[in-house]
Structure formats: structure tokens, C-alpha cells
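Biologist: I've got the sequence and the structure open. Can you walk me through them?

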Amino acid sequence: MARAVVAVVLAAGEGKRMRTQGPKVLVDLLGRPLLWHVLAALPANCRKRIVVGGRTLAQLRDIFGAERGVEFARQAKPLGTAHAVRSALKQVPAKGADVLIVCGDAPLIRRETLEAALAAHRRTGADVTVLSAKVADPTGLGRIIRGSDGRLLRIVEQKDCSADQLRISEINAGQFVVRAEALHRLLPQVGRNNAQREYYLTDLVALAGAKAQAFLLADAEEARGVNQPDELDAARRLLQARILHRLRAGGVIIPAPEHVVVESGVEVGEGTVLHPFVVLRSGATIAARCSVGPCAVLRKGARLDEGARVGNFVEVKASRLGQRAKVLHLSYLGDADVGADVNVGAGTITANFDGVAKHRTRIGAGVSVGAGTIFVAPVKVADKARTGAGAVVTRDIGRGATVVGVPARPLGAKTKVRRHK
Ligand code: UD1
Ligand code: MG
């Protein structure tokens, strides 16, 4: 029978160097917590994913508890990475599985890479496979020590390195594949006789002897961990480049990629143009042949249908714009459904919040919204209706009707409208 894959995700560190309030693994990286990125990179066939949390385990549970196959283990005190894995050992099968151990603070690792490392581990019959990388600046990381024949010997942490060892550029990327049998046998043998008095997971390598090997990453960037704010910024740049690359490959046009922010998971269709200073938050979806920006923010639940256009200084949240709908200048659409072929005039606002709850604005197809209209939600506008400039719409508008004024009333009825010559 094929061996199972079980993942252990280390997330109990206190993140002191990061200076954050909550757990470091919940720090935001392009719209999702660090830990989210790591979980997303685990091979699809993982039988279970055990997240090791510490003092802040409850917070991790709140956010990830509902995810399929995710379970939790508590590390009472952060006594080191090997100690963290020991806290989860009861949940790891004693045999017949390969255990993928990953750091919750290394969000750039790719799923294909983890799968390739797992395949290499199985092919060679190793007990311990550590993912390694050659980096320009190894400061702070565990160094990979090899014998004169190139064979992997052990890993030495920065604080335990000799001057010679500090010059080694091959480092521990922070991910391991370990045979379950070997993990249960070796982990109890890890001591804390080192500069930090911690139980180091990296000691598994020396303990496994000839049964340990390194899997060198082709792309060293995947090894990047986030321990302090500058590293978070570096990770953000790399992930942003990946996201924009993926969009470009799908036919999205981005004339000034250095001036857009596209968070994780945003889908954008072919032929859509993202102009400078556009921010697309996680949970925004844009169909083909749309145009966004310059200077526009699409937040969670923003959805543009094919050919829709969002222009300068426009914010869209939890709103859908139908095909070819246009909102080109200085507007806020929140909790709105805008039909096809609607033109939303400059300076239009959906007043969606009454101080207590949010309400929706529903605008039918072919509606013409005059400049400076305010929709006081909840409110419904039927197809082909029109609002005059500056209308404050507090009541529903019927099909084809025109309303004007404050509060807006049907044109003609009781309102006298003075027209300029
Ligand atoms: C660790 C590795 C180092 C490697 C680097 C890669 C060890 C001893 N060192 O160092 O060789 O180059 O990652 O990024 O393994 N954690 C716990 N419980 C603890 C301590 C840590 O769950 O008691 C978790 C942290 O939340 C983090 C991960 O383990 O997600 C790594 O811990 P961290 O303190 O960041 O180790 P590094 O110094 O980065
Ligand atoms: Mg780290």
C-alpha cells in the first residue's frame, strides 16, 4: 500500500523579532496570513495537516479550524523546533507514512517543490530529507555542513557556527521529509546542548547519519523565511512578482507593474487592463476585457463582469458590476448590484451603512446614474431608470422612471424642475 503523507506545520514560535502583537504566522502577506500560504503549498494528498501552535493556538484555531484535514497540537512552551514536532508526535502515525515538516513562517515554498522533495525522499529511501538552498546572505540561518566528499553531515545553527562555518552559503530552507518510523525513533534523542538551549529539529540530520540527504532548491527564493519586517517586505515583492507573472501569462495587461498591488487569489480575465495604482484585494474577481484604474481599489467581493470599466478614484466593495457597466470617476460602490450597461456618473456614492448595519443597493440594467447621486440603501432601481445630478435616492425607483432632487422624486409628478435655456 502506498505510504501516506502527513504534514506538521510549525507555528508556535513567538515571533519576537517581528514585533507583532498576535502570532507571527498570522501576519498578512498580500491578503492572507503567512500560515495560509504555507498550508496552500502542502501536497493535495496530505492525509492530515497538523498545525503546532503555542500560547496563541486559539487564534489559529479560529481562523483555520474549519479547513478540511487541519488539526492542531499545542506546544506548551516554545523550546525549539524539535520540541514543537514532539508536541504533535501523538498525532503522527508510527509507521507507513512520510512526514512533511514545514515552517509556518516560510510562505514562498511551492507545492511542486514539496512534491518533488517527497518523491526524491521516497526514491532514495532516505530517513531524513532536508530542503536546502544556496543563498547570497545566509545570516541567521542554519548552515548545511558537508564532508569533503560532499556528503551531508549535519546542520549547524547560526549561533553555534564557527567562523569557517559562517561562510557556508548552503542553508536549511526549513522543510523536512522524514519517514514516520525514523521520526518516532530519532526525535526523543534530540538534546538541547547548544547556544540557545533549544531542541533543534535540525539535529535530526546528524542523528540519521548516512540516511540523511539534502534536496537542493532550484530557486533559492523559496527558502525565504519571515523573521523580521524587512524579510516580510522581501517575501511580499517575490510573491507579488509571481502573482503578476501568472496574470500576464493569462493575457492581463499591466503597463506599470511596479505600481499595482494584486493580492493572493485574485482572478483577472484575458485582455483586462490594470492601470497604474490599482489595488486588487483578495476576494476581488475581474472578468475578461475590463479596465481598472488608474487609482482604483477593488476590495473583497468586488466582481466585474466582462467589459466593465472602473476608472479613477473609485472604490468597489462587495459589489457586482454587470457587463459593460461603467463607473469612471470618484465613486464608492459598496454592497451594490449594478446591472449590465449601466453608466454611473462621477461622484456617485452608495450610502450602505446606517450606523448599525450594511444594506444593499440594487441597480437594474441600462440605468443612467447622474453625477453626484447618493443611494441611501436599502434601495432598488429598476431597469432603464435615470437619476438627475445630485439626486439623493431614498426610495425605490420604477422601471424607466426619472428621479431628481433631494430627496429624489419622479420628474414631472409634484416636482417642478427649472430648466436652463
Ligand atoms: C529555523 C531553522 C534554521 C533554518 C530556518 C529557515 C531550527 C533550529 N532552525 O530557524 O536552520 O535555516 O528555520 O527559515 O530549526 N517554532 C515553533 N516552536 C518553537 C520554535 C519555533 O513552533 O519552539 C516555529 C516557528 O513558529 C516558525 C518555525 O518553527 O514557524 C521556525 O522557527 P524560527 O524561530 O523562525 O527558526 P529560525 O531561526 O528561522
Ligand atoms: Mg524562521
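Biologist: What does the domain assignment give for the chain?
Modeller: Keep in mind that this is a predicted model. The assignment gives domain 1 (4-223) and domain 2 (229-410).

Biologist: How far apart do the C-alpha centres of domain 1 and domain 2 lie?
Modeller: They lie 42 Å apart.

Biologist: And how many residues are in contact between domain 1 and domain 2?
Modeller: 15 residues of domain 1 are in contact with 14 residues of domain 2.

Biologist: How much area do the two domains bury between them?
Modeller: About 1300 Å². Carbon and sulfur atoms account for 70% of it.

Biologist: Which residues in domain 1 lose the most area to domain 2?
Modeller: Met18, Leu30 and Leu108. Together they make up 48% of what the domain 1 side buries.

Biologist: What about polar links? How many salt bridges and how many residue pairs in polar contact?
Modeller: The salt bridge count between the domains is zero. Two residue pairs are in polar contact, both at pLDDT 80 or more.

Biologist: Which elements of domain 1 supply at least two residues of the side that touches domain 2?
Modeller: β2 (28-29) and α1 (34-41) each do. α1 gives the most, with three residues.

Biologist: How do the residues on that side divide into nonpolar, polar and charged?
Modeller: Seven are nonpolar, two are polar and six are charged.

Biologist: New topic. Where is Asn352?
Modeller: Asn352 is in the loop between β25 (349-351) and β26 (361-363).

Biologist: Is Asn352 buried or exposed, and why?
Modeller: Asn352 counts as buried, because its relative accessibility is 7% and the cut-off for buried is under 20%.

Biologist: Which side chain does the side chain of Asn352 make a polar contact with?
Modeller: That of Tyr332, at 3.4 Å.

Biologist: What else is Asn352 in contact with, leaving aside neighbours within four places in sequence?
Modeller: Besides Tyr332, the list holds Lys317, Gly334, Asp335, Ala357, Lys358, His359 and Ala377.

Biologist: Ala377, you say. What kind of peptide bond runs from Ala377 to Pro378?
Modeller: That bond is cis, with omega near 5°. Pro378 lies in the loop between β28 (374-376) and β29 (379-381).

Biologist: Which residues does the cis bond with omega about 0° join?
Modeller: Gly293 and Pro294. Pro294 sits in the loop between β17 (291-292) and β18 (296-298).

Biologist: Why flag those bonds?
Modeller: Because most peptide bonds are trans. Most residues other than glycine also have a negative phi.

Biologist: OK, phi then. What is the phi of Arg197, and what is that of Phe313?
Modeller: Arg197 has a positive phi of about 50° and is not a glycine. Phe313 also has a positive phi, near 50°.

Biologist: Where do Arg197 and Phe313 lie?
Modeller: Arg197 is in the loop between α6 and α7 (203-208). Phe313 is in strand β20 (residues 309-317).

Biologist: Are Arg197 and Phe313 buried, partly exposed or exposed?
Modeller: Arg197 is partly exposed, with a relative accessible area of 49%. Phe313 is exposed, at 54%.

Biologist: Last one. Which residues of helix α3 are buried?
Modeller: In α3 (residues 81-88) they are Ala82, Ala84, Val85, Ser87 and Ala88.

Biologist: What do the buried residues of α3 pack against?
Modeller: Strands β1 (4-10), β4 (46-53), β5 (70-74) and β6 (97-103), along with helix α6 (180-186).

Terms used: Residues numbered from 1 in each chain as written. Chains lettered and ligands numbered in written order. Heavy atoms only, no water. Domains from an automatic or database assignment. Contact = heavy atoms within 4.5 Å. Buried area = accessible area lost by both parts, 1.4 Å probe. Salt bridge = Lys/Arg side-chain N within 4 Å of Asp/Glu carboxyl O. Polar contact = N/O pair within 3.5 Å; in protein donor to acceptor, adjacent residues only side chain to side chain. Helix = DSSP H or I, 4+ residues; strand = E, 2+ residues; numbered from the N terminus. Nonpolar A, V, L, I, M, F, W, Y, C, P; charged D, E, K, R; others polar. Buried < 20%, exposed > 50% of the residue type's maximum accessible area, 1.4 Å probe, protein only.
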